[in-house]
Amino acid sequence: MVLNIADLNWSLGGGLLGLQQQVRQAMDGMVRELRQSRSSNVTITGGTDIQFSIPTDITPVTYSELISYYVVYVSDEQKQLFREHPMGSDPPDRVAVANDINSVTFCWCHGATCATCDNINGGSNLVRIQLVAGKTVRQKSVSFSLTEKVRLRNE
Amino acid sequence: MNNRGVALILSFILIAVLTVLGAASLSRSISESRIARRYSESTQALWLAEAGINRALNELRDNYNITPGSGLWPTTMLEDAGRYEVDVSVIDVGTKWLVTSHGCIPDVTCNSSRTQRIIEATMTKAVSPGPANFFNNAIYTPGNVNISGSAYTVTGDVRYGGTITPDPPVNPVDNIYDTSITTLARFDFDQLRAMSQGQGNYHDATHNPPFPTSFWKSIGVPNIVFVEGDFDLSGKKEIVGGFVIVGGDLLYDVDITGNAGVDGAIYTLGTCSVKGGGNALFNVNGGIWAGQGVTITGSTVIEYNSDYMNAIQDLNLIFTVQINNWKDTQNSYELVPVN
């Protein structure tokens, strides 16, 4: 009995740790890319899909083709956060940057388009990203969410 | 059958298995520890490099004729755990620089540091009276211009560095796509604050005292209206006169709705939204500078006023050094190798 409980907790802890690592790595990558973008190059669609470009050189400045992040639900067991670059290719040129992602939401206040953003100043050049991950470990669900705000460095 | 010695062999096997398991566990622990340290140091190095960029910005603002070089201003930070160093090279004498900032862990010369993050930035300074065509437009923005409907009137040039939507606009406007506008040239906001305070037109977050209603303070001298915070004239039947500066170095927005208007020019590093809806003669009579783009909705009337713009230009205002482009040189999905 004691060993069973310990084993279950060990598995749940391991599962949660895995989720945290996935989410943190994905968030870190997104933040580092998005930080380099500029406001006029960012588009958020439906709060769940973001497109932007980043500088590839600054003397003179040239920008990359569009980069996009979004979640694809293949099944309950396969929900992945994808990075697509260049955006719009057919078939999509994309890689999964995290597994077990239930949702990603992007919020950006830009002028009047600020409906879903709480506590973000309209002109502060901030993008808020929220990642929610979850999975089932031995019939128990574990979840983890992480929110970060990024200030775009290129105005 | 002689079974003597089996226990010894089994013991050896068990010890071997436990040793392998222990070694694997130890190896993984060390590996995880190194990954965590690598991540931590990489993040620290980034913020050190950011500090270096800010140092260079302030040094250039103090003296934009500084001698370029490598390894400038080595500064120890993070309680002696790291440092930044900055390389500055001149692109255009006195007006444009390439700044490369190195954030380094530990606090040793960056060439021999264990972890390093590098940020590149171009910094520019407009020369008074301002960039080319800065004072010639009804709208001037490095961002996007979005226009809704067809009831608007814009008299004068619309100069932008982003996009215009729809393209072409429903009602013809003199729209000019200008690739030279990457960021909005920054005035010396301390100078403008002081001028505004001297005229009694300085507005803190409470927006007191009342705004002037005429562009002219006296003959040939415009009112300089400095507003700390958003400039929101929505729902007001109010005409504000003067050269209105919104937020200074901070990004605040302008919102003009209905019969409200500005008899003069507006400058903001944020966005400017104008939604005309009444029967006002104008919503803006002068011009708009907006760093983050302009939105026009409804029966908005925006007019370029050369008399007002010439008066502002004749003030010979000082421009300051600003970051024009910013780039993290490291791939976003790689960490800096740690020895």
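Let's start at Trp326(B), which sits in strand β23 of chain B, residues 321–328; helices (H or I, at least four residues) and strands (E, at least two) are DSSP runs, numbered from the N terminus. This is a predicted model, in which local features need pLDDT of at least 70 and side-chain atom pairs count only at pLDDT 80 or more, while totals for chains, interfaces and linings use all residues. Residues are numbered from 1 along each chain as its sequence is written, with chains lettered from A and ligands numbered from 1 in the order in which they are written.

Trp326(B) counts as buried because 25 other C-beta atoms lie within 10 Å. The cut-offs here are 20 or more other C-beta atoms within 10 Å of the residue's own for buried, 12 or fewer for exposed, and partly exposed in between, with C-beta atoms placed from the backbone. Setting aside its neighbours within four places in sequence, Trp326(B) has contacts in both chains: Gln36(A), Arg153(A) and Asn154(A), plus Ile119(B) and Ala121(B). A contact is a pair of residues whose C-beta atoms, placed from the backbone, lie within 7 Å. Thr122(B) is 204 residues away from Trp326(B) along the chain, yet their C-alpha atoms are separated by 6.8 Å.

That brings us to the interface. Chain B puts 25 residues into the contact and chain A puts in 21 residues. On the chain B side, the elements giving two or more residues are β4 (115–125) and β23. The largest share, four residues, comes from β23(B). By type, the chain B side splits into six nonpolar, 15 polar and four charged residues; Ala, Val, Leu, Ile, Met, Phe, Trp, Tyr, Cys and Pro count as nonpolar, Asp, Glu, Lys and Arg as charged, and the others, Gly among them, as polar.

Now over to chain A, which has one helix and ten strands. Of its 155 residues, 34% count as buried. Five of the strands make an open antiparallel sheet in the order β1-β2-β5-β6-β7, where strands pair if DSSP finds at least two bridges between them. At the edges are β1 (43–45) and β7 (94–98) of chain A, each pairing on one side only. From one strand to the next, the twist averages 30°. Strand β6 of chain A (residues 78–84) and β7(A) share four bridges in the antiparallel sense, and Phe82(A) has Ala96(A) as its bridge partner in β7(A). Helix α1 of chain A (residues 2–34) packs on this sheet, touching β2 (49–52), β5 (67–75), β6 and β7, and its direction makes about 125° with that of β7(A). Axes are lines fitted to C-alpha atoms, for helices over the stretch in contact, and angles run from 0 to 180 degrees between N-to-C directions.

Follow β7(A) onward and you reach Asp100(A), in the loop between β7 and β8 (101–108) of chain A. Asp100(A) counts as buried because it has 22 C-beta neighbours inside 10 Å.

Back in chain B, there are two domains: domain 1 (8–125 + 324–328) and domain 2 (137–318), with bounds that come from an automatic or database domain assignment. Their C-alpha centres lie 41 Å apart. Pro129(B) is in the loop between β4 and β5 (137–141) of chain B, and the peptide bond from Ser128(B) to Pro129(B) is cis, with omega near 15°.

Helix α2 of chain B (residues 189–199) has Leu192(B), Met195(B) and Ser196(B) as its buried residues. They line one face of the helix, because they fall within an arc of 100° seen down the axis of α2(B); the arc is that of the directions from the helix axis to the C-beta atoms. Asp190(B), Gln197(B) and Gly198(B) are exposed on the other side of α2(B). The cover over the buried residues of α2(B) includes β11 (202–203), β14 (224–227) and β16 (239–246) of chain B.

Strand β7 of chain B (residues 153–155) runs parallel to β22(B), joined by three bridges, with Thr153(B) partnering Val301(B). Strand β20 of chain B (residues 284–290) is also parallel to β22(B), again with three bridges, and there Gly286(B) partners Tyr304(B).

Technical notes. Contact = placed C-beta atoms within 7 Å.
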